[in-house]
Amino acid sequence: MMTVVATALVLILFAWYLSFSAARLDRLHHRVETSWEHLDALLQRRAALALEISHQADLDPATALILTQSAYVSREESIADRNDAERSLSESLKFLRDSARNDEIQISVPLLDELSALTEKITLAISIHLEAVNSVSKLRAKMIYRLFHLAGKATLPKIYSFEEDSL
Amino acid sequence: MIDKKLRIGMVCPYGWDIPGGVQIHVRELAEHFVAEGHHVSVIAPVSDDESISDAWLVSAGRPVPIPFNGSVARVLFGPIAASRVRQWIAQGDFDVLHMHEPGIPSLSLLACWAAEGAMVGTFHASTPKLRAIASVGPLIEPMIEKLSARIAVSQMAQETLNNLYGTEAVVIPNGIDYARFSYLSAEEKRARGAKLRIGFLGRFEETRKGLPLLLEALPKIVKAIPNVELVVAGPGDQEKVLDRLDSYLLRHIRFLGRLSEEEKVDFLASLDLYVAPNTGGESFGIILAEAMASGAPVLASNIPAFVDLLAIGECGSTFESENSADLAQKAIELLRNSAHLQQLAENGRDAAIRFDWASVATQIMSVYEVAMTGQGKVAVGSENASWKKSR
């Protein structure tokens, strides 16, 4: 009798643990999605800003070409296809900011301020997103999650190389 | 006109101290024209000014890494670079300016923007259609139009140019220093060892260079021709490749690592067959020309650039790209017929002479002459007006 009760208790506890774990993973997956949405919105704003800078500032055609092309790809393509474009934007905007600081190039102060503020926000959004992605990956690597297929059909979130660049 | 010594300005868009086909092309062309007595000045991005050993090289600053078409290009742009290029043009007193890859956002585009006069552009890459071309076309087209003459290094590069900007170009191939490549007769090759040598050269870890395909074909080739040896030259981690091979194959593969130019000449001359299993991303394929010049018969994938290059004569064979069974079958057929191999080697040797700088540079000089017709010295444009109006 005792063993039956004990087994039932263990099973119930275990079932509860499984459902708890699944809910925990689901929450983390949700966090990956929301943090990505936030980051994506900021990246879209950055692309728009890059276009604006390329129109307003007195740029050489090479810089204008990099900005325009990356900004268009960034706005039109899916994330898998725009990794290169985001990296180009990071590199070229960093280069522009440095040039503007050294007075080598004239970019209007409001645009420059917006660029600085946006860059800070993006840096933060990337670190939050990466943290969420890493927690999901770590959790999903655990035996219990793999054994009981707790992630369901959710794809493993991916880190894109532009997120590793310094802005 | 031919006898007149020119002042030639060349612009290289990619970092000078990073290995690359465009850089090698510009260097060898510059050296050739200097040897002919012309005055040449090359401006390029340089990461390390200490590395400059040629009097004709001018640094425009340190290159910036920008991801482009799947790989990172080291280019240079921005106001400082633009003013350096302008200054170089103003002081150079050039008869003709030769821009390489003017469609890439780097120095060549800046030079197109700044200069007025005789300008020639060489297009090296064949790129799939740029997705954002509709948006950036209006930025590049006025620059491309300023070029008095355009050169494409291959039919592929020419088609790219036509697709992107709707403009035509003269096709002039990349050059090699033909005299540098030596040639061994069949007997001399045999005297070096009884094995039949298949060669591969390139950064073998890059999948598009196709080594995995060749390794897939190797067991079949070894089975049919037991005394075959695959010799792989080029930088990369050989352990990663060896780990994945069956142990019986290890006797049939050898890695040479990165080769110097002299070692490359020896390597190519020692081969019974050069295999180029590239899956794409090639615009010209200078290595095929070099293999031919060394009397190595070529077996290449049937990507357009290679088909194009091999069409110059019967000096090689092609297999269906990304099909290892076809690669194995074609390699076996070739290696079993030594008389045919010998014939291909001789044909290749004869055909490759057209890639010699003596011939290639003469063609380029003719383009310069066309470009210079009716033009004075190259000058800095007045306020670069065409660019501002186009926006």
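Two strands pair if DSSP finds at least two bridges between them, strands being DSSP E runs of at least two residues and helices H or I runs of at least four, numbered from the N terminus. This is a predicted model, with local features needing pLDDT of at least 70, side-chain atom pairs counting only at pLDDT 80 or more, and totals for chains, interfaces and linings using all residues. Residues are numbered from 1 along each chain as its sequence is written, while chains are lettered from A and ligands numbered from 1 in written order.

**View 1. The end of the sheet at strands 9 and 10 of chain B.** Strand 9 (residues 149-152) runs parallel to strand 10, and two bridges join them. Look for I151(B) opposite V170(B) in strand 10.

**View 2. The open, seven-stranded sheet of chain B.** Its order is 3-2-1-6-8-9-10, with parallel pairing. Strand 3 (57-59) and strand 10 (170-171) sit at the edges, each pairing on one side only. Helix 1 (residues 21-35) packs on the sheet and touches strands 1, 2 and 6 of chain B, where touching means C-beta atoms, placed from the backbone, within 7 Å.

**View 3. Around L110(B) in the largest nonpolar core.** A core here is a set of buried Ala, Val, Leu, Ile, Met, Phe, Trp, Tyr and Cys residues joined through C-beta atoms within 7 Å; buried means 20 or more other C-beta atoms within 10 Å of a residue's own. This one has 154 residues, and L110(B) is one of those touching the most other members. Not counting residues up to four places away in sequence, L110(B) touches D60(A) and A62(A), plus F77(B), A81(B), A82(B) and V85(B).

Methods:
A residue is buried if 20 or more other C-beta atoms lie within 10 Å of its own, exposed if 12 or fewer, and partly exposed in between; C-beta atoms are placed from the backbone. Two residues are in contact if their C-beta atoms, placed from the backbone, lie within 7 Å. Axes are lines fitted to C-alpha atoms, for helices over the stretch in contact, and angles run from 0 to 180 degrees between N-to-C directions.
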